[in-house]
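Please brief me on this structure.

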Amino acid sequence: MADLLTIDEAQRLILERAQPLGSERVRLEDAAGRILADPASAVVDLPPFPSSAMDGFAVRSTDTPGKLPVAGRIAAGRPATRELGVGEAMAIATGGVVPDGADAVIPLEYVVDHDNEIEIADRVATGAHVRPRGGDVRAGETVVPAGALLDPARLGALAAAGVADVACSTRPRASVLATGTELRPPGEPLGPGEVYEANGLILSTQLASAGAVVTRLGPVEDDDDAHRDALARGLEADVLVTSGGVSVGPHDLVRRIEAELGVEEIFWRVAVKPGKPVSFGVRGATLVFGLPGNPVSSLVGFELFVRPAVLALQGYSNPLPRFEPGRLAAALRQNPGRDQLVRARTRASDDGVLELEPLSGQESHMIARAAAADALVLIPRGEGELQAGSAASYLRLG
């Protein structure tokens, strides 16, 4: 199988052609799951004022230890009306503005409070329990870099820093086309030789989770004119993903008709199991993926090749699949010519290393068995067997 590309080679060829699409301004509240096109900077210092980290009393550290009268009370959102005088304390809530003159806060539990006077037994360190202005970030400093995915933590950081809208990468338009005369929508009765179509839904869901705006075109029967019409419509998108029809049988029409429509095929077939007959091509700026018709092959091919491309179109800083370390719970035989992605279930172990339990039924048509998997375990090609307890890399599903 020397003519087959490796997974790494195929990914390199794809990413070389997946150029970011552009950007648009998006309100922060609408930006969840989007990818930043430009760095987002703080509008204000964060915190915007010196604030208390505890419920307690604002003091001058040089006045401690000792007894101090309580000269006022500061609630969050309501700053002190005057500077803290020498020999005084002010009660302060968590998040309250530390008044001018104070340089420390002592928590409630460390004072004796009676008759509007507090007694402090030990010296309070300068700066204790005070969050300095700009201690998190200064106005104008980058809060989130370009190429980052806007998850809840990043959105919260931007909101706290006063950012109202951000430049987000344009979401790719993606078309999905499932091919095959035998395909029927779920809910309809099946005739002889017919099966329910699942790949369109699988791929649409995967594309949406990668940030694409998805249009489903299929399924289409194995007919030249039907294929030509559907593929022509699909090629109007930024990404076209087909399933089925990419092998060498008499009803495998996708690659031939795509070529007639001007698609330049970059590669066909990758040394991976499942999913060897995957194809990738381009027409202008449109990226064109042909995935096998077996549902698990289609699912795996998307994660290895399509998702990285969709993320790269959005300028994501690290679009390649993120494999994590784990440990095999059972032995697995290697394939001499192809890397394998084995469906597995993860489970915690006593020593903290995630264990990977391969599922029974690894054939590429067994999508119902795949529903129990939450990981794809990478088994490099080779002549031997990886024993239970061996280190392994896995890709999270879902």
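This is a predicted model: local features need pLDDT of at least 70, side-chain atom pairs count only at pLDDT 80 or more; totals for chains, interfaces and linings use all residues.

Residues are numbered from 1 along each chain as its sequence is written, and side-chain values use heavy atoms, with hydrogens and water left out. Helices (H or I, at least four residues) and strands (E, at least two) are DSSP runs, numbered from the N terminus.

**Backbone**

- Most residues other than glycine have a negative phi, and most peptide bonds are trans.
- T64 and P65 are joined by a cis peptide bond, with omega about -5 degrees. P65 sits in the loop between β4 (56-59) and β5 (66-74).
- K273 and P274 are also linked by a cis peptide bond, with omega about 0 degrees. The loop between β19 (272-273) and β20 (279-283) holds P274.
- D115 is not a glycine, yet its phi is positive, about 55 degrees. D115 belongs to the loop between β8 (111-114) and β9 (117-120).
- D115 is exposed, at 77% relative accessible area. Buried means under 20% relative accessible area, exposed over 50%, and partly exposed in between (1.4 Å probe, protein chains only).
- H129 also has a positive phi, near 60 degrees, and is a residue other than glycine. H129 lies in the loop between β9 and β10 (130-131). Its relative accessibility is 33%, so H129 counts as partly exposed.

**Largest pocket**

- The largest pocket holds about 850 Å³ of space. Its lining has 31 residues, and the closest to the pocket centre are S209, E303, R307, R396 and G398.
- Two or more lining residues come from each of α3 (199-209), α6 (295-313), α7 (367-370) and β28 (391-396). The most come from α6, which gives 6 residues.
- By type, the lining has 18 nonpolar, 7 polar and 6 charged residues. Ala, Val, Leu, Ile, Met, Phe, Trp, Tyr, Cys and Pro count as nonpolar, Asp, Glu, Lys and Arg as charged, and the others, Gly among them, as polar.
- A pocket is found on a 1 Å grid over the protein atoms alone: it is an open set of points where a 1.4 Å probe fits, with protein on both sides within 12 Å along at least five of seven lines, and lining residues have an atom within 4 Å of a point. Grid points are joined across faces, edges and corners, and a volume is the space filled by probe spheres set on the points.

**Helix pair**

- The axes of α3 and α6 come within 10 Å and cross at roughly 25 degrees. Axes are lines fitted to C-alpha atoms, for helices over the stretch in contact, and angles run from 0 to 180 degrees between N-to-C directions.
- α3 and α6 are therefore roughly parallel to each other (angles under 35 degrees).
- Their crossing, that of α3 and α6, is right-handed (the near helix is turned clockwise from the far one by less than a right angle).

**Two loop residues**

- P336 is in the loop between β23 (332-333) and β24 (339-347). P336 counts as exposed, at 52% relative accessibility. P336 and L231 are 105 residues apart in sequence and 36 Å apart in space, C-alpha to C-alpha.
- A388 is in the loop between β27 (385-386) and β28. A388 counts as partly exposed, at 48% relative accessibility. A388 and A37 are 351 residues apart along the chain, and 44 Å separates their C-alpha atoms.

Key
Angles under 35 degrees count as roughly parallel, over 145 as roughly antiparallel, 65 to 115 as roughly perpendicular and the rest as oblique.
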